[in-house]
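Please open the structure in your viewer and keep the selection tool at hand. The tour goes from one selection to the next, with a short account of what is found at each stop.

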Amino acid sequence: MSRLVIVSNRVAPITEGKPTAGGLAIGVFDALKDTGGMWFGWNGEINAEPASAPEIAHRNNVTFATVPLTRRDYNTYYRGFSNATLWPTFHYRDDLARYQRDDYNGYRHVNARFAALLAPLLEHDDLIWVHDYHLLPFAQVCRHIGLKQRLGFFLHIPFPSPQVLMTVPPHDALVRAMCEYDLVGFQTETDRTAFTDYLVRHAGGTLHDDGTVTAYDRTLLTGVYPIGVYPDEIQQQATARATVKHILDLKQGLQERKLIMSVDRLDYSKGMLERFRAFERLLELWPNQQGTVSFVQVAPPSRSDVAGYGEIRRQLETEAGHINGRFSDLAWTPLRYINKRYDHEVLMSFFRASQVGYVTPLRDGMNLVAKEYVASQDPADPGVLVLSCFAGAAQELDGALIVNPYDIDGMAEALRTALNMSLSERQARHATMMLTLREHNLSTWRDRFIADLRAPKGTVKPALLRRPQPAVA
């Protein structure tokens, strides 16, 4: 059977047999650890000179091939086009996007360098699975140097509507390059439709009934592959650390109060400012909630050297101080805003100890935190998930209270509903969502994508997820 080769911007460090990062890294490593294969990408280091060849290491049946970036490559490819142009635009924040031609040239250059460094390591029948927005043109540069292996691409973040995408000046070149893949996968049908709409309306493409689309003299397969979690493993993690000091300190500080819990990487796409304001509105509209509920927001910093991230941190600190100054008393601090990292098992224990999971991004590809919250709960006494309609997970987790994160009063009302929900309703909602998590777990995501990538052209029609859009609470 052909070998699987994973290509991603970052190869996550592996500690004690598992990645130290979540989301993409966990999904990628799981795709490799059982069958073996190779994981290629940046090692996180910045060197003065470009690497002449990847550094090779072997662990757990996986070959890790990693390279550093130069400072210029880091500034143009990573900080620049990837995270100052594509990230905000793909999250519908084109007002925050910054485009410079030099950044785009650096982005193309690193993609070409990655392809050139990977090529000597490949076997003729390898399956190459490329991940995320850093590597949109990777297949095109691979084809340019003569690579003929099957190439699949999965986008972990949203794909924007055509009018939003067109605010990126080289939009046509980017989409043309994406069409060099054999398979392009998305988290939701909304994202896939945005991609094919661009091809049909702006590239003269043709959408076929079998899930393929023809554009730029290429026919490629598109599909929807919602990434999942392993719910039973998360259940075990949530209970395994129940007696560690962090959890005991949290419970002691609550003093029998109900807990609203949020965990997000510090990013403007996560909707934390709106979330804080909705919590303030809850305390304002229903004074009986004052002193009876606490809100904990864990937001570890990320991309601190990318423009805009310092400002969102300042805004959140100001808002948290305002709320606490307005409502705190000697025995109660309503909002605890924490900028530090915790082990994944500790976070799952935090979730299990809470009555409400508060996950309200302004836009998100999937949001695995929402799924982890559900999986971490005690089935006998589960918490309630309050979830943004703009998270991909909202199309699967129909037992959540779905909210519009731009509606502050609506979110406050959903919090009140969640805090007062009966045990029987909480149990029924949780059981429904757990069935979905088990049916569409991380292995399902991996196996469906690889099967579709491996299948000969014209023999597969991806099972597109066509769930109705959930109603907003």
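Begin by selecting Trp39, Trp129, Leu385, Leu387 and Leu397, which are the residues that touch the most other members in the largest nonpolar core, a set of 62 residues. Keep in mind throughout that this is a predicted model. Helix α13, residues 368–376, gives this core its largest share, namely six residues. If you now colour domain 1 (4–228 + 442–454) and domain 2 (231–439), you can see that both contribute residues to the core, so it lies between them.

Stay with leucine 385 for a moment and display its surroundings: leaving aside residues up to four places away in sequence, it touches Gly357, Val359, Ala370, Tyr373, Val374, Leu397, Ala400 and Leu401. Apart from this core lies another one, of 57 residues, and Val7, Tyr104, Ile128 and Phe153 are among them.

Next, select helix α14, residues 408–419, whose 12 residues reach 17 Å from the first C-alpha to the last, close to the 16 Å expected at 1.5 Å a residue. Within α14, the residues Gly410, Met411, Ala412, Ala414, Leu415, Ala418 and Leu419 are buried.

The remaining stops concern salt bridges, of which the structure holds 25. Select aspartate 264 and arginine 275, whose closest N and O atoms are 2.4 Å apart in a salt bridge. Because aspartate 264 sits in the loop between β13 and α10 while arginine 275 belongs to helix α10, the pair ties together parts that are 11 residues apart in sequence. Aspartate 264 counts as buried at 5% relative accessibility, and arginine 275 is buried as well, with a relative accessible area of 0%.

Further along helix α10, glutamate 284 and arginine 281 are three residues apart, about one helical turn, and they form a salt bridge with closest N and O atoms 2.2 Å apart. Glutamate 284 is partly exposed at 32%, and arginine 281 is partly exposed at 26% relative accessibility.

Finally, go to helix α11, residues 309–327, where arginine 313 and glutamate 317 lie four residues apart, about one turn of the helix. Their side chains meet in a salt bridge of 3.2 Å, N to O.

Notes: Residues numbered from 1 in each chain as written. Predicted model: local features only at pLDDT ≥ 70, side-chain atom pairs only at ≥ 80, totals over all residues. Heavy atoms only, no water. Core = buried A, V, L, I, M, F, W, Y, C linked by side-chain atoms within 4.5 Å. Buried < 20%, exposed > 50% of the residue type's maximum accessible area, 1.4 Å probe, protein only. Helix = DSSP H or I, 4+ residues; strand = E, 2+ residues; numbered from the N terminus. Domains from an automatic or database assignment. Contact = heavy atoms within 4.5 Å. Expected span 1.5 Å × (residues − 1). Salt bridge = Lys/Arg side-chain N within 4 Å of Asp/Glu carboxyl O.
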